[in-house]
Amino acid sequence: MYRHIIVGRGLIGSAAARHLSSWQDGVAVIGPDEPADRQTHSGVFGSHYDEGRLTRIFDPEPEWSITAARSIGRYPEIEAESGITFFTPAGFLKIVGSEDPVIKPAVTLARENGGNATVIGANEMRELYPFLSLPDDCAGIRETETAGHISPRALVKAQTTIAKKQGAETINAAVTKIDVQSSHVSVTTDDGQTLTAERVLVATGGYTTAMKLLPRPLATTVYARTILLIRVTEPAAEALHGMPTIIDRYAGSYILPPIRYPDGHLYVKIGIGTEADAQLATVDDLTDWFKSKGSERNRLELTDVFEGVIPVLKDCPDRHTDTCVTTFSTSGLPYIDYVAGDRLAVAICGNGKGAKGSDDWGYAAARLLEGSDWDHPVPRYKLKAVFS
């Protein structure tokens, strides 16, 4: 019997495995590898199958800012210990209205948490980033050094590599059933194994409710998200030199600079998400979505965004869409809490921005499972699970 089993090998689950295995032995983390071919794959998928996620300390919500700061502060040690590079300090820019009330308090919060954040005007943005097309009445919130983008694939690999070095066992399977007993928890996998542990942490994101892994369903909403990947030509790549990660509040979108993907090409990634996007409730919903090309409505919206904000990308005709999902809680923060006595816990709901602070959310989940006094800056009651 294991001491702890972590179900889910995504960003939060792999982080929890690294932290927990540094304190205790008897740790196992269960989760399938990324499928070689999505169309023929018959199992579960993950939203970390990608090369670009924004990371920065700037965030108007204190809980997200401090967890991002703590996570980013650990990036160097994770990269050094694993030998895997996953963070590119490209910087961050948020385009907002010049009178936006969020500017001053959010910049102050970022600075308090160690972020090199400043406010710049439209003219300065044009000088720094001449490829941007901007309205005159806008302002920019700029963060350097501590901001940029991570490869979620590489971060999961780095966390898992360290966890294994520390003695954690990695099991390449998907969990189909969890049974909570008075003295232990039994976990059944899709390859026929039955494993037991003193405690189990479920970090399975959007699949948690669909797979019916918990005794009671949590109050979550899982949205289908479409992203647009634009293959960057050599002239466009030169024009975009020094491009930061961007959130455009006018368009409600995010944009990542040219990133090299596994096919060897550079792509600019653009994403957008609204409550009008489809909600996914069943395993079939999730499977069909991950195998699809995404939303045509979103594709058109994203095309309008990049043609308006970064006109040079109009000269890059090779484009395709991809899919992922985002899981939201009722509070806007993750659920990191026990859901069945002190045997079964969860760490889910990135609320559309979980990647940047995933290491610290994993730390909080590991502390919960370990049973030590709560030492996280986000009070435990704020992460309490809410059932539907």
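**Exercise 1.** Which strand gives the most to the lining of the second largest pocket, and with how many residues?

*Solution.* The model is predicted: local features need pLDDT of at least 70, side-chain atom pairs count only at pLDDT 80 or more, and totals for chains, interfaces and linings use all residues. Residues are numbered from 1 along each chain as its sequence is written, and side-chain values use heavy atoms, without hydrogens and water.

Step 1. On a 1 Å grid over the protein atoms alone, a pocket is an open set of points with protein on both sides within 12 Å along at least five of seven lines, and lining residues have an atom within 4 Å of a point.

Step 2. The lining of this pocket has 22 residues, and Arg38, Arg153, His320, Thr321 and Asp322 lie nearest its centre.

Step 3. Strand β17 (residues 319–328; a strand is a DSSP run of E, at least two residues) gives the most, with four residues.

**Exercise 2.** Describe how helices α1 and α10 cross.

*Solution.* Step 1. The axes (lines fitted to C-alpha atoms over the stretch in contact, with angles from 0 to 180 degrees between N-to-C directions) of α1 (residues 11–23) and α10 (residues 358–370) come within 7 Å and cross at roughly 50 degrees. Helices are DSSP runs of H or I, at least four residues.

Step 2. Therefore α1 is oblique to α10; angles under 35 degrees count as roughly parallel, over 145 as roughly antiparallel, 65 to 115 as roughly perpendicular and the rest as oblique.

Step 3. Residues in the contact (heavy atoms within 4.5 Å) include Trp23 of α1 and Trp361 of α10.

Key. On a 1 Å grid over the protein atoms alone, a cavity is a set of points where a 1.4 Å probe fits but cannot get out, and a pocket is an open set with protein on both sides within 12 Å along at least five of seven lines; lining residues have an atom within 4 Å of a point.
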